[in-house]
Amino acid sequence: MRDAPPPPPRPGEDATAPARAPRILVVDDEPNIVDLVRMALRFHGFDVVTAATGREALTRAAADRPDLLILDVMLPDADGFEVCRRLRADGAEVGVVYLTARDAHRDKITGFTYGGDDYITKPFAVEELIARVRAVLRRTRRPEPEPSSAPGLLSYADVELDPDAHLVRRAGRPVELSPTEFSLLRYFLHNPNRVLSRAQILDAVWDSDFDGEPTVVDQYVSYLRRKLGQHGPPLIHTQRGFGYALRAPGPETGGPERSR
């Protein structure tokens, strides 16, 4: 029996009311997996809704506005990669954690390429799943604005990032980024012209309790470079043996020098 969708927020609801629990959409066609994951998430205070097919997942994601999906790859009507791709194409900023029996390296690369934030293979430990979910939520959920200050627009060279609207532009053109790509770019923009090690990036973007492969940094830097590179010369450069740096395009990169 499917979970009944929670009632939508009421207009004029008391703004001082406690923040709602993060809402997780569990997408899997194996009832025993759904029951296990739902029970564990609810025990840890999450609001849980479920879906058994790709089509139902897209419908529930639009209706329930979850903060994160736990997404099986092998679904009856579509694979989870396609579900994630369609969510990103529609502009959804929801976190996506794949939970699947497909453990080939090429499947993991495909999952990240389509906009996933983490990849867990079955069989899995419930404690690890909860820790990964919390880590992804920390970097993908929009923080509540602080009353004393506004974060403001971040910019460097011809790139602009709006933390409030979650929008990125380069040379005035919109750049569609996944939540993790967005967090990675924001970290670079906070540290321009500084060489950042893989460990520093992991700690800042994936959090210190991330237990995945460190090479995920290289993969996401590659994705971010490719997307930014569609509208101009390279901005993220490799410092071999040290890490990565955000540097303005100059003569050596084939672009004009710009000063801010």
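How many residues does H6 have, and how far does H6 reach from its first C-alpha to its last? H6 has twelve residues and reaches 17 Å, close to the 16 Å expected at 1.5 Å a residue; the expected span is 1.5 Å times one less than the number of residues. The model is predicted: local features need pLDDT of at least 70, side-chain atom pairs count only at pLDDT 80 or more, and totals for chains, interfaces and linings use all residues. Residues are numbered from 1 along each chain as its sequence is written, and side-chain values use heavy atoms, with hydrogens and water left out.

**View 1. Overview of the protein.** The protein has eight helices and eleven strands, where helices (H or I, at least four residues) and strands (E, at least two) are DSSP runs numbered from the N terminus. Of its 260 residues, 46% are buried (under 20% relative accessible area, with a 1.4 Å probe and protein chains only). Among contacts (heavy atoms within 4.5 Å) with a separation of 6 or more, 60% are between residues 24 or more positions apart.

**View 2. The five-stranded sheet.** This open sheet has the order S2-S1-S3-S4-S5, with parallel pairing; two strands pair if DSSP finds at least two bridges between them. Strands S2 (47-51) and S5 (118-121) stand at the edges with a single partner strand each, so one side of each has no neighbour in the sheet. Neighbouring strands are turned by 20° against each other on average, direction ignored. Axes here are lines fitted to C-alpha atoms, for helices over the stretch in contact, and angles run from 0 to 180 degrees between N-to-C directions. Helix H1 (residues 31-43) packs on the sheet and touches S1, S2, S3 and strand S4 (95-100), its direction making about 165° with that of S2. Helix H4 (residues 105-113) also packs on the sheet, touching S4 and S5, at about 145° to the direction of S5.

**View 3. Ile24 and its bridge partners.** Strand S1 (residues 23-27) pairs in the parallel sense with strand S3 (residues 68-71) over four bridges, and with S2 over five bridges. Ile24 has Leu68 as its bridge partner in S3 and Val48 as its bridge partner in S2. Four of the five residues of S2 are buried, so S2 is largely enclosed by the rest of the structure.

View 4. Strand S8 (residues 167-170) is joined to S9 by two bridges, and Arg170 has Arg173 as its bridge partner in S9. Ten of the twelve residues of H6 are buried, so H6 is largely enclosed by the rest of the structure; among them are Phe182, Leu185 and Phe188.

**View 5. The nonpolar cores.** A nonpolar core is a set of buried Ala, Val, Leu, Ile, Met, Phe, Trp, Tyr and Cys residues joined through side-chain atoms within 4.5 Å. The largest has 51 residues, and Leu185, Phe188 and Ile201 have the most contacts inside it. Helix H8 (residues 216-228) gives the most to this core, with seven residues. Apart from this core lies another, of 19 residues, including Val26, Val37, Val136 and Leu137.

Technical notes:
Buried < 20%, exposed > 50% of the residue type's maximum accessible area, 1.4 Å probe, protein only.
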